[in-house]
Amino acid sequence: SQVPKAPKVFPQIAIYNCDPGYTVDGKANGKKTFENECTASGTYNVKNGCLPVECGDVKMPAHSRRTSEAFELFFPDIAEFECRDGYSLDGRLGGGDANVKFTTSCQADGEQSAHAGCKNRNDCEGNQCGSGTCVDHEEPTGVHMNDHHCDCDSGFEQEEQEFEDGTKYVCGNIPDCPKDACLPGGCEDLVNDYKCHCDEGYYE
């Protein structure tokens, strides 16, 4: 609180003003000034002074979890959060801690600062599946390979393949050559079909 500039003598009253973010009772709309009487002994009556404004229970931004210990906020406390598994601040896969950790604060008006929270991470980022479309799941589990799938074109099916940057789903051609087809020639697999290549002296 701001102390009066001029000294007081008995029985004068000193008026104190609370700093921004503080009130007499800690309520955002509470009194911002209080009086203190100079006593005959030359001291002021003991007063509680100003209390930090209450913001109440921590409000959880969307798809996040609290990482700080405080359940209740008072000015100028900070609450720390991180995105739940499968979510990030901008919906991207990468970015490390900077893309999943954030804070809010208790403000002087008694409100917790607003935060949009976290977005569903795009597990299709960098993977187009080939002959099909990658579908990102709306309710992620946090396990990348469980949070998307390939919607494959006719004649193709989803399969896992190893790439330099990790395992990915792709749409692979479904084998159409029947067992022992085209013997003694060779069978060429096509999309939803196959073709025989006969040895010399044979026809299809």
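This is a predicted model: local features need pLDDT of at least 70, side-chain atom pairs count only at pLDDT 80 or more; totals for chains, interfaces and linings use all residues.
View 1. Asp180 counts as exposed, because its relative accessibility is 55% and the exposed class begins over 50%.

**View 2. Asn192, in the loop between S16 and strand S17 (193–197), has a positive phi.** The phi of Asn192 is about 60 degrees, and this residue, too, is not a glycine. With a relative accessibility of 47%, Asn192 counts as partly exposed.

**View 3. Three strands form an open antiparallel sheet in the order S6-S8-S10.** Strand S6 (64–66) and strand S10 (101–105) are the edge strands, each of which pairs on one side only. On average, neighbouring strands of this sheet are turned by 35 degrees against each other when direction is ignored. S6 is joined to strand S8 (residues 78–83) by three bridges, and these two strands run antiparallel; Ser64 stands opposite Cys83 in S8.

**View 4. Tyr22 and Phe75 form an edge-to-face aromatic pair, one of three aromatic pairs in the structure.** The ring centres of Tyr22 and Phe75 are 5.8 Å apart, and the angle between the planes is 85 degrees. The pair links distant parts of the chain, with Tyr22 in strand S2 (residues 22–23) and Phe75 in the loop between strand S7 (72–74) and S8, 53 residues apart. Tyr22 counts as partly exposed, because its relative accessibility is 28%. From Phe75 the chain continues to Pro76 through a cis peptide bond, with omega near -5 degrees, and Pro76 has its place in the loop between S7 and S8.

**View 5. Phe81 and Phe102 form a stacked aromatic pair.** Their ring centres are 5.3 Å apart, with 20 degrees between the planes. Phe81 lies in strand S8 and Phe102 in strand S10, so the pair ties together parts that are 21 residues apart in sequence. Phe81 and Phe102 are both buried.

**View 6. Charged side chains sit over the rings of Phe71 and Phe163.** Arg66 lies over the face of Phe71, at 4.0 Å from the ring centre. Lys168 has its charged end over the ring of Phe163, 5.8 Å from the centre of that ring.

**View 7. The protein chain as a whole has 17 strands and zero helices.** Of the 204 residues in the protein chain, 30% are buried. Among contacts between residues at least 6 apart in sequence, 37% join residues that are at least 24 apart. The accessible surface of the protein chain comes to about 13,000 Å², and carbon and sulfur atoms account for 48% of this surface.

Technical notes. Residues are numbered from 1 along each chain as its sequence is written. Side-chain values use heavy atoms; hydrogens and water are left out. Two strands pair if DSSP finds at least two bridges between them. Helices (H or I, at least four residues) and strands (E, at least two) are DSSP runs, numbered from the N terminus. Axes are lines fitted to C-alpha atoms, for helices over the stretch in contact, and angles run from 0 to 180 degrees between N-to-C directions. Buried means under 20% relative accessible area, exposed over 50%, partly exposed in between (1.4 Å probe, protein chains only). Contact means heavy atoms within 4.5 Å. Accessible areas come from the Shrake-Rupley method with a 1.4 Å probe; for residues, only the protein chains shown count as cover. Rings of Phe, Tyr and Trp (its six-membered ring) pair if their centres lie within 6.5 Å; planes under 30 degrees apart count as stacked, over 60 as edge-to-face and the rest as tilted. A charge sits over a ring if NZ of Lys or CZ of Arg is within 6 Å of the ring centre and within 35 degrees of the ring normal.
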